[in-house]
Amino acid sequence: MRWTRVALAASIVSSIGLVATSSGASSSGYQSAHAGGTLHLLASTAGGTLDPQVNYTLQYWQLYQATYDGLVSFQKVPGAGSFDVVPDLATSMPKVTNGGKTYTFTLRKGIKFSNGQTVTVKDVQATFQRLFKVSNPNAGSWYNVIVGAPACLTTPATCTLSGGVVVNAAKNQVTFNLSQPDSEFLDQLAVPFGSIVPASTPGKDRGDVPIPGTGAYTFKSYNPNRALIMVRNPYFKVWSAAAQPKGYPNEIDETFGMTVESEVTAVENNQADWVFDTLPADRLQQLSTKYASQIHVNPLTAIWYAPMNVNIAPFNNLKARQAVNYAVNKFSAVQLYGGKQLGTPTCTILPPGFPGYLSYCAYNSKNSATYAGPDLTKAKALVKASGTAGQKVGIVVTNDTVNEAVGTYLVGVLNSIGYKATLKPLSANIQFSYIQNTKNNVQISVSQWYQDYPAASDFLKVLLSCSGFHKASDNSINIAGYCDKAVSAKMDAADALEIKNPTAANKAWGQIDQQVMTTAAPWVPLFNPKLTDFISSKVGNYTFSRQFYMYVDQLWVK
Amino acid sequence: MAASSSSAPTISRGSESPWKSSLRQLRRNKASMIALVVIVLVVTLCLLAPVYSGLIAHTNPFVSNLNGSFRLNGKTVSVMQANTQGLGLGVTPVGPTWNLSHYFLGADQQGRDVFARLLYGGRASLLIGTVSAIICCFVAAVLGLLAGYFGGAIDWVLSRIFDILWAFPVYLLAISLSVILLTSGLNVGFIHVGPGSLLLPILIIAFVFVPYVARPLRGIVLSLKEREFIQAAIGSGASDWRILSREIFPNVAPSIIVFFPLMVAFNMLTESALSFLSIGVQAPAASWGTIINDGLGLLYTRPAVAMAPGIAIVISAVALNILGDGARDAFDPKAKLRGSI
């Protein structure tokens, strides 16, 4: 998933918080003395629709942790435990039968939505029907394994998931029947798309209208041009602190419209408590010296990369793609992102420490598994051999400071190896859709990917399999347009293997990563970023989840 | 009767031609001469950009140098300097060294020599300002002469076009055109201008300012048309072409001369604004506007990156305006042309 526009991420590598991070959300016990007050968050722009079954941004997925629950959820603790799926609205983890194709959950009793209605199994069934009715971004790729999903994808308005989601009101049970075993099904239920909403919720994107949830907080109001406000859910009672702990602030608001520079100044002055946006590069030095105790740095399982369109010139030529891989100095890209404390050069598609990660570097100045530097001589020779020298290349980037800087750097690199490159900056609102659509003939771009949940398929299969490539569509997440049926079949096999033998599956994913980069080189992997959180001095109890980042509701403002 | 002797009595002194008289008057204007020297200096420095970057600074200002270093006072200095204090976050480009051989004004976010880019950027800014002013004044003169002299339907049509263009705020129109043409380039008939070409901002800027020059010129022509020497020329059977070229144009020319430096200044500012908004000169090329944009992200740590081109723009624009004022005083002392832009 992308940062603000299309994705969320988390990190699997140990949090290296450069200052000590606090204890877990639920592990340390609730400290009533710190309850109360208002937490002020800042973001330069709103994150789009507030509908949890549609919104696919980290910006709101972070907030959904405190406002919505699924049958299961990722554990609300810091560190590695935050990747663990725990029962949430379900009383326990599901009973899996029928060779991994049937999941049976028992719903907790007495839980109420923020509008006072009691959560029932009918709400659960309606929620999953609604996923298809609202055209959830991943309905066709994640939830299509539910029996009845193909019909829902064809005619969403009449979706019933007949035979797919079966409820038993008497036993308070919900049964999911899948068309095939899916090792990631629980992960997919645990993300905000799986949030249970009232059955009465209209089957279309609710946009700015808050939908009642079961979390500790509820959205009181939302104006994308000004602010959103979250207040305590009057019907909330803790049923599992691991799944949905009680929050500390009485109110959480997020204000939109300020520049990032102004946001940073506001937090410095304790006029606000946290900046959602990436911190400006020219403020990092000051922040890391003067406000060191308020800065938290955490590695992410994410990647910055430059996808090359393998279907149009000049990058329909393997040698041309390999040349760019040799030419780009990934240390330079890291410098532009903020230096080695905030990013690590990478040669692989999977981030280090991720399931399936295999350390290797196919395009390197030295014969080494770790990146050592560019090899311009090889790059120039490959461009010459490819016969693509002198061709025009457009690099499409978003028009924020860091992306434009990386794009400008790539322009210089491409020019230096014989192309005539130009930079095409686009607004962040449209760039991600634009680079996906084959009609726009984008040759190379700069993009980022942050994990949805810890699985190799979330990078390799989503971003580089034939199933992610859709011609003339804005939702063709395989931006490079790389579709090798043999490789896709290997991905499917690795996916299936995860149920029987996760170790073997991870090994297979690592080999696929290596094969894709070595034999096809559809990307230039640039670096794995780290996240910098800057909080005000009056805030305490910073807690970082590898899955959903900082828990906003666990911050103390008192 | 010759146009020069009959039509410009106010600037004619004895047997001296009005042109010589005006030039003499301009030369006596100290402020204008200082401004002219400044302009010549700026132009010369900018023309010497390749010499500076190639022979003195030994740097390519269009290629990133994020991992480079140089020797200064016996010490190795990194172009991009990692923060070593506190948490060690952030990388800052080297600041001004005040040494012409090495990053005189420091480096930008890409590790490029700001002073070398400033000189190259000046070439682009001055080129765009000057060429677009030439095109603008030429087109405006032709249209103004046609509208004013022929009147009737031609005047009505041209005047309405001017009105329509005038109705748009200059920057809004320029930004709109730039945004549209930036992706596809300009393809009209046999004219094909690529999206990254410098010709694109030149043509856009020239176009948006045409009515601001053409309308005053049309007014001057309308006024001249009623003068006796024009009536005499018409009465003597002179052709329209002859009257326009021999009688009217020489009397309009001083106004164009007055307009020209002012238009260069306006166009330079417009180009800088467009480039600052990333819709003018495109990377890897540089102009003063793009360099200010580059410096925007470094205002806190390296303000020189944005300030240097800003100062260059101010110096050039002020010098051009002073020269324009001097030219107005010398060539067209009764004119109130500046109020029309």
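**Exercise 1: a hairpin in chain B**

Task: Find how strand β1 (residues 69-72) and strand β2 (residues 75-78) of chain B pair, and over how many bridges.

Solution: Begin with the terms. Strands (E, at least two residues) and helices (H or I, at least four residues) are DSSP runs, numbered from the N terminus. Two strands pair if DSSP finds at least two bridges between them. Here β1(B) and β2(B) are antiparallel partners, joined by 4 bridges. Next, look at one pair: B:L72 lies opposite B:K75 of β2(B). Finally, inspect the turn. The two strands make a hairpin with 2 residues between them, and B:N73 in that turn has a positive phi of about 50°.

A word on the model before going on: it is predicted, so local features need pLDDT of at least 70 and side-chain atom pairs count only at pLDDT 80 or more, while totals for chains, interfaces and linings use all residues. Residues are numbered from 1 along each chain as its sequence is written, and chains are lettered from A and ligands numbered from 1 in the order in which they are written.

**Exercise 2: two sheets in chain A**

Task: Work out the strand order of the open sheet of 5 strands in chain A, and say which strands stand at the edges.

Solution: Trace the order first: β8-β9-β10-β1-β11 of chain A, with mixed pairing. The edges are β8 (217-223) and β11 (274-275) of chain A; each has a single partner strand, so one side of each has no neighbour in the sheet. Now zoom in on an edge. Strand β1 (residues 38-43) of chain A runs parallel to β11(A), and 2 bridges join them.

Helix α1 (residues 58-67) of chain A lies across β1, β8 and β9 (227-232) of chain A and runs at about 140° to β8(A). Such angles run from 0 to 180 degrees between N-to-C directions, with axes fitted to C-alpha atoms, for helices over the stretch in contact.

Task: Do likewise for the open sheet of 3 strands in chain A.

Solution: The order is β16-β15-β17 of chain A, and the pairing is parallel. β16 (420-426) and β17 (444-445) of chain A are the edge strands, each pairing on one side only. Strand β15 (residues 392-398) of chain A is joined to β17(A) by 2 bridges, and A:V396 has A:S445 as its bridge partner in β17(A). Helix α10(A) packs on this sheet, touching β15 and β16 of chain A, and its direction makes about 170° with that of β16(A).

**Exercise 3: crossing helices in chain B**

Task: Describe how α5 (residues 114-150) and α11 (residues 288-296) of chain B pack.

Solution: Start with the geometry: the angle is about 135° and the axes are 7 Å apart. That makes α5(B) oblique to α11(B), because angles under 35 degrees count as roughly parallel, over 145 as roughly antiparallel, 65 to 115 as roughly perpendicular and the rest as oblique. Now name the residues: B:R117, B:L118, B:G121, B:G122 and B:S125 of α5(B) meet B:W288, B:T290 and B:I291 of α11(B).

**Exercise 4: buried or exposed?**

Solution: Recall the rule: a residue is buried if 20 or more other C-beta atoms lie within 10 Å of its own, exposed if 12 or fewer, and partly exposed in between, with C-beta atoms placed from the backbone. B:T92 sits in strand β4 of chain B. A:N269 belongs to the loop between α5 (260-268) and β11 of chain A.

Task: Find how many residues of helix α8 (residues 330-337) of chain A are buried, and what they pack against.

Solution: Of its 8 residues, 7 are buried; among them are A:A333, A:V334 and A:L336. The buried residues of α8(A) pack against β13 (302-307), β14 (343-345), α10 (401-416) and β19 (523-534) of chain A, together with β3 and β4 of chain B. Just after the helix, A:G338 takes a positive phi of about 135°.

**Exercise 5: where the chains meet**

Task: Count the residues in contact between chain B and chain A.

Solution: Residues are in contact if their C-beta atoms, placed from the backbone, lie within 7 Å. By that rule, 28 residues of chain B touch 36 residues of chain A. On the chain B side, β3 (80-82) and β4 (91-93) each supply at least two residues.

Terms used: Two residues are in contact if their C-beta atoms, placed from the backbone, lie within 7 Å.
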